Amino acid sequence: MKGDATAAGVREKAKSPLLGLGEREIAALVPSAPSYTARQIRAFCFAGRDIDGMTSLSKTLRASLKEDYVANPVSVMRVYVSRDGSKKYLFSLLDGNLIEGVFMPHDYGNTLCVSTQIGCRMHCAFCASGADGLVRDLHFSEILGQVVAVNAAEGGSVKERAVTNIVLMGSGEPLDNYDNVMRFLDEVTAADGLNVSERNISLSTSGLADKMKRFADSGRKVTLSVSLHSPFDEERSKLMPVNRRYNIAAVTDAARYYFKHTGRRVIFEYTLIAGVNDSDDCAEKLKELTKGFPAHINLIRLNPSGTSLKRPTADAAKEFMLKLNAMGVSATVRHSFGEDIEGACGQLRRRVSAELAAEDKESARVHTEDRKGSKFTTA
């Protein structure tokens with residue numbers, strides 16, 4: 001039916017999200033409504049209600065809003081539950097694109113990893129997100145929508161959130177989508193929004209040094225996590241092509257700048273790859289790079305994602321960590337969540353997108369065969 005409608009030149013009317021709009025922006029959309037209505041609509045959106053669920057609004061107003069708007073541009077498509085308790089959320093956007101996030105329960109609270117782009121242009125050697133390049137940036141409401149959707153799905157409210165911590169470490173490079181990420185931070189921390197403390201938010205970057213300094217100057221107080229993955233430029237350039245533009249010296253300089261202007265310790269993400277970046281020389285160089293700088297190295301065992309790179313054993317990762325600790329370097333091995341549900345960024349989206357494309361192709365084939373059979377019968 002959708003294909004026939006498209007062929008006939010009929011397009012479904014594009015709708016805009018209400019989530020993240022300020023009271024004045026919402027009030028301008030409903031000029032004849034009472035003054036408090038905009039505040040109600042904004043609160044309903046953050047609570048995860050769709051327009052039909054905004055029951056204190058009149059049926060007429062709800063029907064009018066539904067013609068042009070949706071509350072949240074992000075909807076939960078599928079949820080995969082891991083044996084470790086984490087959950088992989090697959091989201092559908094209004095344009096049919098898919099993104100993903102991971103919900104990770106902890107004793108100290110629940111963390112949600114969100115995406116900031118569909119795909120990624122960084123093309124890191126070990127990451128599935130950038131395998132197909134960048135599709136597009138996510139609008140701030142689409143980043144925010146992931147948090148709102150999962151908070152509601154996990155039984156949370158605005159006052160008693162199920163999502164207590166947020167990490168911008170999903171698909172995409174957050175600082176490559178700078179303006180939308182800044183607006184997202186404004187809304188997710190707003191007192192009349194979800195009111196998440198910036199200290200409970202982490203942002204991961206591949207090392208866009210100029211944007212890191214701009215971010216520091218913005219006055220934000222979120223935790224900055226910088227993907228390092230090798231302390232040597234030649235090797236880092238192989239793993240992360242972005243290093244050819246922003247080398248290790250530029251990245252560490254920007255990290256120190258961030259600490260100086262925010263007082264927040266910088267986290268260096270370091271994906272351990274067997275035989276590539278786990279040598280004694282690497283440990284010594286990491287010590288040199290972090291000397292006199294209150295940084296922490298987060299060691300991550302490579303998550304298999306279809307590359308030829310090899311994952312080190314748990315014992316090897318611990319040994320590397322202890323080696324760094326003995327040198328006076330703050331380092332820990334991060335626990336990996338959701339390995340049995342394709343927890344790594346981009347894996348699930350790529351697989352499901354391929355499956356849906358195959359289903360559409362088969363459906364089109366069957367439809368064509370049915371039409372041919374119909375013509376043959378009536379001839």
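## A buried phenylalanine

Phenylalanine 268 touches Val226, Leu228, Thr252, Ala255, Thr290, Phe293, Ala295, His296, Ile297 and Asn298, leaving aside residues up to four places away in sequence; contact here means heavy atoms within 4.5 Å. Phenylalanine 268 is part of strand E12 (residues 267–272). With 2% relative accessibility, phenylalanine 268 counts as buried. Buried stands for under 20% relative accessible area, exposed for over 50%, and partly exposed for what lies in between (1.4 Å probe, protein chains only). Leucine 224 is 44 residues from phenylalanine 268 in sequence, yet their C-alpha atoms are 8.6 Å apart in space.

## The model as a whole

This is a predicted model, in which local features need pLDDT of at least 70 and side-chain atom pairs count only at pLDDT 80 or more, while totals for chains, interfaces and linings use all residues. Residues are numbered from 1 along each chain as its sequence is written, and side-chain values use heavy atoms, with hydrogens and water left out.

The protein has twelve helices and 14 strands. Helices (H or I, at least four residues) and strands (E, at least two) are DSSP runs, numbered from the N terminus. Of its 379 residues, 48% count as buried. Among contacts between residues at least 6 apart in sequence, 66% join residues at least 24 apart.

## Helix H5

How many of the 14 residues of H5 are buried? Twelve are, so H5 is mostly covered. The buried residues include Phe140, Ile143, Leu144, Val147 and Val150. Glu142, Gln146 and Asn151 of H5 are buried as well.

Helix H5 covers residues 140–153, and at 1.5 Å a residue it should span 20 Å; its end C-alpha atoms are 20 Å apart, which agrees. The expected span is 1.5 Å times one less than the number of residues. Just after H5, glycine 155 takes a positive phi of about 85°.

## Two helices side by side

Helix H7 (residues 209–217) and helix H9 (residues 248–262) have axes that come within 9 Å and cross at roughly 0°. Axes are lines fitted to C-alpha atoms, for helices over the stretch in contact, and angles run from 0 to 180 degrees between N-to-C directions. That makes H7 roughly parallel to H9, a term for angles under 35 degrees.

On the H7 side, the contact includes Met212 and Phe215; on the H9 side, Tyr257 and Tyr258 are among the residues taking part. By class, ten nonpolar, two polar and three charged residues make up the contact of H7 with H9. Ala, Val, Leu, Ile, Met, Phe, Trp, Tyr, Cys and Pro count as nonpolar, Asp, Glu, Lys and Arg as charged, and the others, Gly among them, as polar.

## Buried residues in loops

Aspartate 176 lies in the loop between strand E9 (165–168) and helix H6 (178–188). Its relative accessible area is 18%, so aspartate 176 is buried. A polar contact of 3.1 Å joins its side chain to that of glutamine 117. Such a contact is a pair of N or O atoms within 3.5 Å; within protein, one must be able to donate a hydrogen and the other to accept it, and residues adjacent in sequence count only if both atoms are side-chain atoms.

Histidine 229 sits in the loop between strand E11 (223–227) and helix H8 (233–239). Histidine 229 is buried too, with a relative accessible area of 4%. A polar atom of its side chain lies 2.8 Å from the backbone nitrogen of threonine 271.

Methods
Angles under 35 degrees count as roughly parallel, over 145 as roughly antiparallel, 65 to 115 as roughly perpendicular and the rest as oblique.
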